[in-house]
Amino acid sequence: MRLWGDIAVNGCNGRAAVHELSLIQSLINMVVKSAIENNIKKVTKVQLVVGEYHGVLPESLEFAFGILTEGTVCAGSELAIEKSALLLKCRKCAHEFHPDGYLYTCPICTAVNAELVKGRELYVHYYEGE
Amino acid sequence: MKIIVGQDLLSANASQAGENRVLFKNHRLAVINLISAPGSGKTALLEKTASLLKGKLKLGVVVGDLYTARDAERIERAGVTAVQINTEGVCHLTADMVARALQEVSLDQLNLLFIENVGNLVCPVSFDLGERAKVALLSVAEGSDKPAKYPGIFREAMATVISKVDLLPYTDFDLPACLEEIQQINGNQQFFITSAHSGQGLSQWCAWLEQLAAGKFNGNSIASRS
């Protein structure tokens, strides 16, 4: 048996306690890499799209962003979070709807397991800098 | 200046998960990502599964915990190759952690690999590890309200194992209502009503694993992926 320890997660040193931290760390890695490629010295705003499916809290993303951007080209920049609402499509009657609560049940024909059309996004849309 | 990026935050994980999936396919290996709350009996289920499948399937286990190698030690005592990953505080396994741990396993010698995720019903669901199936484990001791509180894992699971059913007479766990609720969240899944203590339901569970290892149910385990 082998014991593995101190494994880096998405570029951070394995010290993140919640997954918001590792998500924000990959966001910063992406933006920093792109800023170097585009010769940007200071990032002023990062626009992030978060689908409702992920259930991540804007407050914890902002908190993680504030801490993890320190000492990077993103320090002091604004994290703008654009939420993307869930859109489901009934597999039986093809009705499109937003779920009321956690069940993906069609309000028209009551079929369960509706297909997810939109709301699973989690990506950096753009950033601004100079 | 405005720079359009459009890159997914989970893209690094997704690409490593894709590589893991190819590796598993090349070795004709069925891989299960086992997800549950801490203390629901993941390790006990694997110990019993190992003894029941002895001589039928060759099992391997990758175990994730924040600290200690206790679970891997227990599984090794059951005669199964186990690799422990210590995440040192991280609440989920990533495809990258699994890829490194796999370097320690002779995949050619296995038919079925379990990845025992960190005990957590929330975060592990977001991180694809390259598995063929996610399996959720819910113990009677946790309460029958958990699928409604944490629907994500039940939505993506190919099967749900209810564990510790020998405790049913001592709790107010409403088994029929719980199963009904899981079915409403995701009706395309298999249920196993089990007790590692009494052995109840384990033969059905092992029969399903044998079918999985034989290459059945190769479809997408995720009921609703955009």
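## Exercises on a predicted two-chain model

In helix H3 (residues 70-77) of chain B, the residues B:Asp71, B:Ala72 and B:Ile75 are buried, where buried means that 20 or more other C-beta atoms, placed from the backbone, lie within 10 Å of the residue's own, exposed means 12 or fewer, and partly exposed lies in between. The model is predicted, so local features need pLDDT of at least 70 and side-chain atom pairs count only at pLDDT 80 or more, while totals for chains, interfaces and linings use all residues. Residues are numbered from 1 along each chain as its sequence is written, and chains are lettered from A and ligands numbered from 1 in the order in which they are written.

**Exercise 1. Work out how the buried residues of H3(B) are arranged around its axis, and what covers them.**

Step 1. Seen down the axis of H3(B), the buried residues fall within an arc of 95°, so they line one face of the helix; the arc is that of the directions from the helix axis to the C-beta atoms.

Step 2. An α-helix has 3.6 residues a turn, so residues three or four places apart point the same way.

Step 3. On the face turned away from the buried side, H3(B) carries the exposed residues B:Arg70 and B:Arg77.

Step 4. The cover over the buried residues includes helix H2 (42-52), strand E3 (59-65), strand E4 (81-86) and strand E5 (112-116) of chain B; helices (H or I, at least four residues) and strands (E, at least two) are DSSP runs, numbered from the N terminus.

Step 5. After H3(B) comes B:Gly79, with a positive phi near 85°.

**Exercise 2. Describe how E3(B) is covered and which strands it is joined to.**

Step 1. E3(B) is mostly covered, with 7 of its 7 residues buried.

Step 2. B:Leu59, B:Val61, B:Val63 and B:Asp65 point one way from E3(B), whereas B:Gly60, B:Val62 and B:Gly64 point the other way, and all are buried.

Step 3. In a regular strand the side chains alternate between the two faces of the sheet.

Step 4. E3(B) runs parallel to E5(B), to which 5 bridges join it, and B:Leu59 has B:Leu112 in E5(B) as its bridge partner.

Step 5. E3(B) also runs parallel to E4(B), with 6 bridges between them, and there B:Val62 has B:Val83 as its bridge partner. Strands count as paired if DSSP finds at least two bridges between them.

**Exercise 3. Check the span of helix H8 (residues 202-213) of chain B, then find its buried side.**

Step 1. At 1.5 Å a residue, the 12 residues of H8(B) should span 16 Å, and the end C-alpha atoms are 16 Å apart, which agrees; the expected span is 1.5 Å times one less than the number of residues.

Step 2. The buried residues of H8(B) are B:Leu202, B:Trp205, B:Leu209, B:Leu212 and B:Ala213.

Step 3. These residues cover an arc of only 95° around the axis, which puts them on the same side of H8(B).

Step 4. The face turned away carries the exposed residues B:Ser203, B:Ala207 and B:Gln211, while the cover of the buried residues includes strand E2 (30-36) and strand E6 (133-139) of chain B.

Step 5. Just after H8(B), B:Gly215 takes a positive phi of about 95°.

**Exercise 4. Identify the residues that touch the most other members of the largest nonpolar core.**

Step 1. A nonpolar core is a set of buried Ala, Val, Leu, Ile, Met, Phe, Trp, Tyr and Cys residues joined through C-beta atoms within 7 Å.

Step 2. Of the 65 residues in the largest core, B:Val61, B:Val62, B:Val98, B:Ile115 and B:Val135 touch the most other members.

Step 3. A second, separate core of 22 residues includes A:Ile28, A:Val50, A:Phe65 and B:Leu10.

**Exercise 5. Outline chain A and say where its pLDDT is under 50.**

Step 1. Chain A has 2 helices and 7 strands, which run β-α-β-α-β-β-β-β-β from the N terminus on.

Step 2. An open sheet of 3 strands in chain A has the order E5-E4-E6, with antiparallel pairing. Strand E5 (96-97) and strand E6 (115-118) stand at its edges, each with a single partner strand, so one side of each is left without a neighbour in the sheet.

Step 3. The mean pLDDT of chain A is 85, pLDDT being the predictor's confidence in each residue, from 0 to 100.

Step 4. Over residues 4-17 of chain A pLDDT stays under 50, and the model has 45 contacts beyond four places in sequence for them; two residues are in contact if their C-beta atoms, placed from the backbone, lie within 7 Å.
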